[in-house]
Amino acid sequence: MPPPPSAPPRSGPPPAAPRRRRTSRWRVPGAAAIVGALVLAGIVAVVLFPEALDLDQRSPFVQVVAFRPQLAAVALVVAALAALGAWRRAASGLLVVALAVGVAGGAGVVDTAPRAVGSASVDDTSDGIVVLALNTYQGDADPDALADLVRDRDPDLISLPEARGDLRRRLESRLDEGQGGSGYRSYSADDADDASGMTVFVRSSLGRPSVTQDRAGTYPAIVVDLPRSAPGVASGLRFVADHPRSPRPGDTYGWVRDVGRLAQWCDADRPTVIAGDMNATADHVLFRSSTANCTDAGAATGDGLVGTWPSWAPGFLGAQIDHVLVTGGPQPRGFEVVGVAGTDHRAVLARLGPG
């Protein structure tokens, strides 16, 4: 049998392929994404602003708040990355997260930014005095490096928390004119805690001051009342070398008490300079309220975000817990953070001038 005839070829264009339905790159986030974003934003907000829930005087929030500027910056970076991921992957839930975290992080940055605008170095003392403060970490600071810093910057008033033992003796032999040194008179206070020693040096040209110890806090403070006017600053100047207790995990009572006591110096009706390791930053509400009548030299001159502890971390990652505070007339004219070998803190130097 002959084969069946083949179908004649079809003429015209081929049939069109079925169209795919285009889906939107964006979709409304589900309830789970929104709830997750809100929870994450809430966590970020509590970490950055625990004072809103009265948690800022408890562990671990006391310790965490000391690094608020860095955490706020991290939150902003996370938010930016989440937003970028949302744009590229059409994950609208991530965008919600980015917006929520970004708002919380941005509030933290805005809260800390004024302390980082501008800078003024300690380079001229013709119209005032220079104050130096350094926690020497149980006397482990290098005495030669510290003595060199004193000779180089020529401070008038020096506060050295935790300076005792061999470090104190070696510094006195170099600086105290009554013990073979030159240019200064030294005063000290010790306590049962080996880490609690305080040493103060006062430039001899300021006269022989009246010196007392305040032992109401955890560690002794040294109070120096100058007998004459400090050059270009104020008459009757009081210098307080203080060292509040650090906030310890599970035990912040001593920290709350000691930091709260700073108010007695800031609220005094006289020219006063308070210098030392305050174990608190400007982000701690307790520190801000206790020193409300004082001016922080670091924050006032634009170096309030340079970390003084721990010294092994870059300055932008550390916490500024060492301060020079002034009230009653003197005004900050410059502020610097300087490394010193042997201690986990950096030194702070402040130049103070007339108000």
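How many nonpolar, polar and charged residues does the lining of the largest pocket have? I counted by class and got twelve nonpolar, eight polar and five charged residues. For the classes I took Ala, Val, Leu, Ile, Met, Phe, Trp, Tyr, Cys and Pro as nonpolar, Asp, Glu, Lys and Arg as charged, and the others, Gly among them, as polar.

**Ground rules.** I am working from a predicted model, where local features need pLDDT of at least 70 and side-chain atom pairs count only at pLDDT 80 or more, while totals for chains, interfaces and linings use all residues. Residues are numbered from 1 along each chain as its sequence is written, and side-chain values use heavy atoms, with hydrogens and water left out.

**Pockets.** I searched on a 1 Å grid over the protein atoms alone; a pocket is an open set of points where a 1.4 Å probe fits, with protein on both sides within 12 Å along at least five of seven lines, and lining residues have an atom within 4 Å of a point. Grid points are joined across faces, edges and corners, and a volume is the space filled by probe spheres set on the points. The largest pocket came out at about 460 Å³. Of its 25 lining residues, Ser-246, Asp-277, Asn-279, Trp-309 and Ile-321 lie nearest the centre.

The second largest pocket has a volume of about 160 Å³. Its lining includes Arg-115, Phe-287, Arg-288, Cys-294 and Asp-296. Helix α9 and strand β9 each supply at least two residues of this lining. I took helices (H or I, at least four residues) and strands (E, at least two) from DSSP runs, numbered from the N terminus.

**Disulfide.** I looked for cysteine sulfur atoms within 2.5 Å of each other, and the whole structure gave one disulfide. It joins Cys-266 to Cys-294, S to S 2.1 Å. Cys-266 lies in α8 (residues 263-266) and Cys-294 in the loop between α9 (285-290) and β9 (295-296), so the bond ties together parts 28 residues apart in sequence. The torsion about the S-S bond is about -105 degrees, so I noted the disulfide as left-handed. Both Cys-266 and Cys-294 are buried (under 20% relative accessible area, with exposed over 50% and partly exposed in between; 1.4 Å probe, protein chains only).

**Arg-261.** I found Arg-261 in the loop between α7 (253-260) and α8. Arg-261 is buried, at 18% relative accessible area. Leaving out residues up to four places away in sequence, Arg-261 touches Asp-214, Ala-216 and Gly-217 (heavy atoms within 4.5 Å).
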